[in-house]
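Subject: Handover of a structure and the findings from it

Dear colleague,

Please find below the structure that I am handing over to you.

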Amino acid sequence: MAPDEAVVGCTGELVLGTRGAGGPGEVLVRVRGGTETFLAWSDEPLERGTTVLVIESRGTRQVVVMAWADPLRADGAGGAR
């Protein structure tokens, strides 16, 4: 399946933490006017509830994410709401 470029650059929240090289987690992403879940891969383990930024689509509903803090929010909290 081809990469899903619409999801790259979107933020989301991990509903299942990632394990780095040990395996994927699951992320809920706001995209296309709704929310969708994807398998989420990251270089380092990330805990459930972490706000993340999608940096790559691997196709077949799999994405690469990194921890994200919205720089426009004064409290430093993420933007996936």
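Basis of the model

This is a predicted model, in which local features need pLDDT of at least 70 and side-chain atom pairs count only at pLDDT 80 or more, while totals for chains, interfaces and linings use all residues. Residues are numbered from 1 along each chain as its sequence is written, and side-chain values use heavy atoms, with hydrogens and water left out.

The average pLDDT (the predictor's confidence in each residue, from 0 to 100) of the protein is 90, and 89% of the residues score at least 70. Where pLDDT is low, the predicted coordinates should not be read in detail.

Overall composition

The protein has 0 helices and 7 strands; helices (H or I, at least four residues) and strands (E, at least two) are DSSP runs, numbered from the N terminus. Along the sequence the pattern therefore reads β-β-β-β-β-β-β, with strands defined as above. Of the 81 residues, 35% are buried, where buried means under 20% relative accessible area, exposed over 50%, and partly exposed in between (1.4 Å probe, protein chains only). The protein exposes about 4800 Å², of which carbon and sulfur atoms supply 53%; these accessible areas come from the Shrake-Rupley method with a 1.4 Å probe, and for residues only the protein chains shown count as cover.

The barrel

In the order β1-β3-β4-β7-β6, 5 strands close into a barrel with mixed pairing. Neighbouring strands of this sheet are turned by 55° against each other on average, direction ignored; axes are lines fitted to C-alpha atoms, for helices over the stretch in contact, and angles run from 0 to 180 degrees between N-to-C directions. Two strands pair if DSSP finds at least two bridges between them. Strands of a sheet pair through backbone hydrogen bonds, either parallel or antiparallel.

The pairs may be followed around the barrel:

- β1 and β3 are antiparallel over 4 bridges, and E13 stands opposite L28 in β3.
- β3 and β4 are antiparallel over 7 bridges, with L39 in β4 as the bridge partner of E26.
- β4 and β7 run parallel and are joined by 3 bridges; A40 stands opposite V63 in β7.
- β6 (residues 51-59) and β7 (residues 62-67) are antiparallel over 6 bridges, and V54 stands opposite V65 in β7.
- β1 (residues 11-16) and β6 are antiparallel over 3 bridges, with T11 opposite L53 in β6.

Two of these pairs are hairpins. β3 and β4 have 2 residues between them, and R32 in the turn has a positive phi of about 55°. β6 and β7 likewise have 2 residues between them, and T60 in the turn has a positive phi of about 40°.

The nonpolar core

The largest nonpolar core has 13 residues, and those with the most contacts inside it are V27, V29, V63 and V65. Such a core is a set of buried Ala, Val, Leu, Ile, Met, Phe, Trp, Tyr and Cys residues joined through side-chain atoms within 4.5 Å. β3, β4, β6 and β7 each supply at least two residues of this core, and the largest share, 3 residues, comes from β3. V65 touches residues including A40, W41, L46 and I55, not counting residues up to four places away in sequence; contact means heavy atoms within 4.5 Å.

Two residues compared

L46 lies in strand β5 and counts as buried because its relative accessibility is 11%. Among the residues that L46 touches, beyond four places in sequence, are L14, V52, V65 and M66.

E44 lies in the loop between β4 (34-41) and β5 (45-46), and counts as exposed because its relative accessibility is 52%. Beyond four places in sequence, E44 touches T18 and G20. The C-alpha atoms of E44 and R19 are 6.7 Å apart in space, although the two are 25 residues apart in sequence.

With kind regards
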